[in-house]
Amino acid sequence: MINLDLSSATRIGLNCLGLLGAAIALWLGDSIFVPLTISVLLASILWPVVQWLNRRLRIPWTPACAIAVGLLLALFGVVTLGFVLAVPKMLLGLPRPDDYAEQQRFYSDLRIQVMKVSPGSVDSVLPEEASESKLFRYVTDTFRTENVNKVLLPLLR
């Protein structure tokens, strides 16, 4: 065995070099490590379901795994369908872009709800008049047709 008398600076440098090497290895292996991590998480989540199907219902292990994954995909489908059905209804409840009075009423209702839960004053962030609020201007600018088109059209290509 070789006795290396390393100074603290050398040990710190070697530790930093080892951490850098590990970070680079993880970065280069992300196409392997990300799916591997997801599969390990899914396996640990689905393990109790598969074990229950196998022990209680006497379903063989491979079909029990397929059933568990199918149930998970069905759950994802139901949640996605719920969002698909709920978002248009939510958007119908928002004020129209050309109706300033309705926007002011919606802003006032939002401000009242925030004031109920806020321990301090909200006047600096949500002033009483909607046109004075930076948040209100940012949101209305975001939902202008030309800005929405700038974001969505590149996604279609």
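This is a predicted model: local features need pLDDT of at least 70, side-chain atom pairs count only at pLDDT 80 or more; totals for chains, interfaces and linings use all residues.
Residues are numbered from 1 along each chain as its sequence is written, and side-chain values use heavy atoms, with hydrogens and water left out.

Let's start inside. The largest nonpolar core has seven residues: Leu46, Val50, Leu53, Ile59, Ala64, Ala68 and Leu72. Helix 2 (30–55) and helix 3 (61–92) each supply at least two of its residues. By core I mean buried Ala, Val, Leu, Ile, Met, Phe, Trp, Tyr and Cys joined through side-chain atoms within 4.5 Å; buried is under 20% relative accessible area, exposed over 50%, and partly exposed in between, with a 1.4 Å probe and protein chains only.

Leu4, Leu6, Leu14, Leu17, Leu20, Ile24, Trp27 and Leu28 make a nonpolar surface patch of about 870 Å². Patch members have over 30% relative accessible area and no salt bridge, with nonpolar side chains (Val, Leu, Ile, Met, Phe, Trp, Tyr) joined within 5 Å. Trp27, in helix 1 (residues 8–28), is exposed at 63%.

Finally, which residues are linked in a network of salt bridges? They are Glu102, Arg105 and Asp109. A salt bridge here is a side-chain nitrogen of Lys or Arg within 4 Å of a carboxyl oxygen of Asp or Glu. Arg105 pairs with Glu102 at 2.5 Å and with Asp109 at 2.7 Å.

Methods:
Patches are made of residues with over 30% relative accessible area and no salt bridge: like charges are joined within 9 Å, nonpolar side chains (Val, Leu, Ile, Met, Phe, Trp, Tyr) within 5 Å. Accessible areas come from the Shrake-Rupley method with a 1.4 Å probe; for residues, only the protein chains shown count as cover. Helices (H or I, at least four residues) and strands (E, at least two) are DSSP runs, numbered from the N terminus.
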